[in-house]
Amino acid sequence: MFCAAIDEAGQRELRQNSRSIPTNPHHGCGWYADLDSEVVLDIQWTKISAQNVPLTPSSRRLSLQLSAPGRYGYPEIKGWSVFAFAGDPAAKIIGNRPIINHDIGSPASFTIAKQWMDDCTSNHSKCPDPKPGKPVMLPSRLIQVSSLGEPEFASLRKTQGQRGYYCALSYCWGMDQPFKTKIDRYNEYIDKLPYKKLPRTITDAFEVARNLGLQYIWIDSLCIIQDDTNDVSREINEMKRIYENAMVTISVATPSQCNEGFLYKRQKIYELPNGPSRLPIRLDKDTTGTVLLAGVNSEEWEKATEPKRKASINHRAWTLQESVLATRLLIFTDANMVWKCQDGFQPDFESAPPGAYIELDWSRHGRWLAWAESIGYKFIPGWVGFSSRPRASISATDHNWVEWWFMLENYTAREVSKATDRLSAISAIAESFAPFLGGKEGYRAGLWMNYLVFDLLWHTPSHRLIESRLIDPRVPSWSWAAAKGPVRFEWGDDLKPHATVIECSTTLEFNEASFGAVTSGKLHINGIVAEVSIDMIQRELLDKERKVIGDAKFEIDGGFQQWTSSHENGQIVPAWCLIAAARHYRVGQSSETIEEKKACAVLLIGSKSHFNCYRRVGYAKFTLPSWWEQLERTTIIMV
């Protein structure tokens with residue numbers, strides 16, 4: 001039936017009785033409940049859209065879908081993508097190619113990678129400098145590696161304001177690195193790095209740099225003096241420029257430990273247990289070929305690709321800004337090697353014909369996002385870049401602010417090894433957003449002054465597998481950075497502010513790091529503040545009369561378990577509720593509709609360390625009683 005699909009490529013559908021389908025002699029067909037039912041084969045031929053590639057028969061993709069009546073009246077459906085190997089007769093009519101190179105550390109692979117880089121720097125108008133003849137200001141330190149063909153050697157070098165070209169490395173430490181740069185090793189490393197003792201991921205990155213024709217590479221563990229706090233702060237403050245100016249960032253997606261390396265032979269995906277299958281087909285009377293059938297959304301395909309969906313780089317907080325800010329990425333996954341720049345990516349996730357360059361589609365469900373998901377490289381949902389459209393007024397739908405929170409939702413689900421890095425590890429992304437959200441003067445511990453009322457509506461969903469908890473007591477409680485774990489936020493046209501920010505200030509850990517760590521902060525805010533109580537056992541929110549606020553849903557920032565273990569206030573905890581914003585909507589029919597408001601509120605308790613101040617402990621949502629709005633507005637201080 002598959003052969004018929006390829007032979008009848010002009011048709012959209014084939015129908016065949018399931019009794020005529022050859023079954024496995026050992027297991028039988030094992031799919032259809034009724035062998036007399038009609039099987040429908042849907043044939044999908046689509047053109048591969050690529051730059052400078054003529055639309056030929058080999059530029060077509062083929063996918064198949066079989067459907068038949070199921071056991072419970074619902075159709076049973078299975079789908080396959082069909083691939084042809086380069087050089088196989090089937091490649092003349094099928095454009096899909098499986099992963100083309102499994103020996104990623106081979107000279108052939110490096111040749112491909114260098115071709116991608118040279119093509120980008122020479123021909124892509126969308127991709128910024130550095131480009132040939134347009135060197136950039138180098139970071140304060142780089143690692144200089146020996147040229148290709150020379151003995152392996154590397155040393156740390158001070159650049160002293162020079163211009164040139166370099167690459168950068170984005171990877172997972174996984175553990176402390178015993179040979180990282182420290183004060184007492186600095187002069188030794190200027191002379192020579194202990195090449196053979198360095199983690200394999202780092203020496204593999206040296207090899208990539210050499211083969212790309214680049215003399216310098218930036219690696220955080222070696223280019224930052226790790227036990228010099230001033231140097232760490234100064235270099236973190238330069239992260240945005242370091243990754244933006246790199247000729248290419250080598251992104252090592254899979255290894256969770258830096259001593260694992262990444263230049264090793266990958267197993268061919270069709271050789272994996274429960275993976276895709278080879279199928280011989282007859283193209284005409286005298287010609288046969290072989291195709292690869294990869295199940296779409298099938299259990300077998302899920303198992304075959306599962307390791308790629310758990311790329312370790314997705315779990316490290318620092319690597320988010322490294323991938324977002326890089327102008328060019330050379331990504332090494334556990335299956336293949338991929339190039340991504342501002343203009344496109346290679347190869348396509350279903351692999352285009354040789355020479356095809358797949359243009360990026362930055363829509364929410366664009367091609368790049370689909371590819372990134374397919375190989376486990378988590379990018380940013382909805383990330384389409386900055387909007388420079390003028391703002392008539394601040395709202396909870398402003399494009400750039402919503403994009404910032406998409407970033408935070410991705411970022412906060414990642415891990416930082418040190419709690420104090422929660423703000424630092426996203427500081428370069430914050431710096432990139434600053435021109436669109438209020439500048440560095442408008443940034444306060446991860447929140448923006450222009451949107452501060454809406455920014456207060458972050459919450460840590462308690463149903464998440466990762467339990468949130470408070471981690472850094474120096475960070476003000478009203479900042480999402482005070483809690484560990486994934487955060488979510490509120491946005492939309494119907495969300496209106498109900499509080500007013502009077503003043504907000506923070507104390508930076510390092511004055512030059514405007515987007516970095518803070519040691520304290522105060523927020524003066526005016527709004528409706530009502531007395532409530534939190535029932536820690538029943539997990540209910542009570543009003544002043546200790547009556548349950550019926551539809552109230554709330555979450556404790558540090559999680560209920562942490563609260564109950566660190567507070568001795570008994571079952572009922574007195575608290576306050578600040579109505580920061582509310583969703584306005586109408587209920588009823590036609591002319592009889594009335595407006596209701598769903599309050600988005602911050603839960604507070606008195607601060608033990610700051611007199612007459614409050615500390616945020618949670619977030620709540622409930623229908624706002626009309627009498628609450630009659631309460632007198634008051635100004636409070638949150639710390």
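**Note on the predicted model: aromatic pairs, cores and helices**

1. By the ring-pair rule, the count comes to 16 aromatic pairs. Rings of Phe, Tyr and Trp (its six-membered ring) pair if their centres lie within 6.5 Å; planes under 30 degrees apart are stacked, over 60 edge-to-face, and the rest tilted. This is a predicted model, in which local features need pLDDT of at least 70, side-chain atom pairs count only at pLDDT 80 or more, and totals for chains, interfaces and linings use all residues. Residues are numbered from 1 along each chain as its sequence is written, and side-chain values use heavy atoms, with hydrogens and water left out.

2. Take W218 and Y243. Their ring centres are 5.8 Å apart and their planes stand at 80°, so the pair is edge-to-face. W218 sits in strand β10 (residues 216–218) and Y243 in helix α7, 25 residues apart, so this pair links distant parts of the chain. Helices (H or I, at least four residues) and strands (E, at least two) are DSSP runs, numbered from the N terminus. W218 is buried at 0% relative accessibility, and Y243 is buried at 1%. Buried means under 20% relative accessible area, exposed over 50%, and partly exposed in between (1.4 Å probe, protein chains only).

3. Next, F262 and F332. The ring centres lie 4.8 Å apart with planes at 50°, so this pair is tilted. F262 is in the loop between β11 (248–252) and β12 (277–284), while F332 is in strand β14, 70 residues apart. F262 is buried, with a relative accessible area of 0%. F332 is buried too, at 1%.

4. One aromatic cluster is formed by W401, W405, F406, Y451, F454 and F489.

5. Now the cores. A nonpolar core is a set of buried Ala, Val, Leu, Ile, Met, Phe, Trp, Tyr and Cys residues joined through side-chain atoms within 4.5 Å. The largest has 117 residues, and those with the most contacts inside it are I143, F206, I217, W404 and W480. Helix α11 gives the most to this core, with 8 residues. A second, separate core has 23 residues, including I534, C577, L603 and W628.

6. Helix α11 spans residues 399–412. Of the 14 residues, 13 are buried, so α11 is largely enclosed by the rest of the structure.

7. What does W404 touch, leaving aside its neighbours within four places in sequence? Its contacts (heavy atoms within 4.5 Å) are I426, I429, A430, F433, L437, Y443, G446 and W448.

8. Helix α9 (residues 318–325) has 8 of 8 residues buried, so the rest of the structure largely encloses it. Its buried residues include W318, Q321 and E322. Their cover includes β9 (167–170), α6 (229–236), α7 (239–245), β14 (328–332), α11 and α12 (427–437).

9. A polar contact of 3.3 Å joins its side chain to that of S146. Such a contact is a pair of N or O atoms within 3.5 Å; within protein, one must be able to donate a hydrogen and the other to accept it, and residues adjacent in sequence count only if both atoms are side-chain atoms.

10. Overall, the protein chain has 14 helices and 30 strands. Buried residues make up 53% of its 639 residues.

Terms used. The expected span of a helix is 1.5 Å times one less than its number of residues.
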